Amino acid sequence: MLLRQLEYLVALARERHFARAAASCYVSQPSLSAAIRKLEHELDVPIVRRGHRFEGLTPEGERVLLWAHRILAERDALRQELSAMRGGLTGTLRIGAIPTALTAASLLTTPFVARHPLARVRLDSLSSRDIARRLAAFELDIALTYLDDDALGPVRRTPLYEERYLLLTPEDGPLAGRPVARWASIAEQPLCLLSGRMRNRRIMNEYFAADGKPAVVAAIETDSVAGLYAHLTAGHWSSVISHAWLPMFGVPAGMRVIPLEHPAHGPRVGLVIADRTPEPVLARALLETARQAGVREALDRLLDTHLRPGGPAGPAGRPSAG
């Protein structure tokens, strides 16, 4: 059995098309097909369900695919260990991040690349469900997500910060002059919020319900933080944001940011890696970077700057874009 055969199988499972899989591996389709048939012969099991086109993997093929991911991950870990011994980490660190934490990722990736200039980072925006699946399938080295998500399965968790929720509202709006806002009062404003499919919105819905507003309707919903901010710059809509979004988007001109009455801290966000040994070398390096980066402190300092009187979002300050 050759590692190349396992790479072809992984590519086929990912692309679900022989020609696309072959192209991604820079080989001809006949070469890829022959290699997988040889793998079937060597293992003495059918791996691919064949018809006029790719129809998926057999149950045996699914098991072989899992081991293929595991074997290739071990190969990559060996290469990374040896590169570290030679004086510098190489390879690509594969990070998955939920969309609402993606805005804080640069607080980790920038110092990581500064410490390991020969390494590269691939950062994918993923749902928590996709993160769990791809961690289990060896398709991610590490992920940035909510730590209390039961769907994650067996993982090792490293807390980074707790979400702190804020009202972002037009400076001439009815709530702009308040030192603190309540969830119930926010529910009466024209709102732009994240989609109900997103974990962040479901968490916020719980806080609305706890303050007597169990059925909040947003005039505009979007599945991205960038889409949400694109509407807020129009100066009409209000929204509830996480303080982790401030490093990327700040407070748009003409808007005020106001702390919410409760809770003082929301759910924990942090790094997770699959609970297996050995840990990916690059993932360990990112965890070490995280321990020194002070993500929680950096976010809190930025929030204090925006809330301080005379600061960029304070009552005596001129609102800014960040």
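Four of the 5 residues of strand 11 (residues 255-259) are buried, so this strand is largely enclosed by the rest of the structure. Buried here means under 20% relative accessible area, with exposed over 50% and partly exposed in between (1.4 Å probe, protein chains only). The structure is a predicted model, in which local features need pLDDT of at least 70, side-chain atom pairs count only at pLDDT 80 or more, and totals for chains, interfaces and linings use all residues. Residues are numbered from 1 along each chain as its sequence is written, and side-chain values use heavy atoms, with hydrogens and water left out. Helices (H or I, at least four residues) and strands (E, at least two) are DSSP runs, numbered from the N terminus.

**The sheet that contains strand 11**

Strand 7 (residues 165-170) pairs with strand 11 in the antiparallel sense over 5 bridges. Within this pairing, Leu167 has Ile258 of strand 11 as its bridge partner, and Thr169 has Arg256 of strand 11.

Contact means heavy atoms within 4.5 Å. Axes are lines fitted to C-alpha atoms, for helices over the stretch in contact, and angles run from 0 to 180 degrees between N-to-C directions.

Another open sheet has 5 strands in the order 4-3-5-12-6, with mixed pairing. Its edge strands are strand 4 (119-125) and strand 6 (155-162), each of which pairs on one side only. Neighbouring strands of this sheet are turned by 25° against each other on average, direction ignored. Strand 6 pairs with strand 12 (residues 268-274) in the antiparallel sense over 7 bridges, and Glu162 has Arg268 of strand 12 as its bridge partner. Helix 11 packs on the sheet, touching strand 3 (91-97), strand 4, strand 5 (142-146), strand 6 and strand 12, and its direction makes about 65° with that of strand 3.

**Helix pairs**

Two packed helices are described by the angle between their axes and the distance between the axes.

| Helix pair | Angle | Axis distance |
|---|---|---|
| Helix 5 (residues 106-115) and helix 11 (residues 281-293) | about 115° | 9 Å |
| Helix 1 (residues 3-15) and helix 3 (residues 29-43) | about 110° | 9 Å |

Helix 5 and helix 11 are therefore roughly perpendicular to each other. Angles under 35 degrees count as roughly parallel, over 145 as roughly antiparallel, 65 to 115 as roughly perpendicular and the rest as oblique. The contact includes Leu107, Phe112 and Arg115 of helix 5 and Leu286, Glu288 and Gln292 of helix 11. By class, this contact of helix 5 with helix 11 has 9 nonpolar, 2 polar and 2 charged residues. Ala, Val, Leu, Ile, Met, Phe, Trp, Tyr, Cys and Pro count as nonpolar, Asp, Glu, Lys and Arg as charged, and the others, Gly among them, as polar.

Helix 1 and helix 3 are likewise roughly perpendicular to each other. Residues that meet include Gln5, Tyr8 and Leu12 in helix 1 and Ser31, Ile36 and Lys38 in helix 3. The contact of helix 1 with helix 3 divides into 8 nonpolar, 2 polar and 2 charged residues.

Notes:
Two strands pair if DSSP finds at least two bridges between them.
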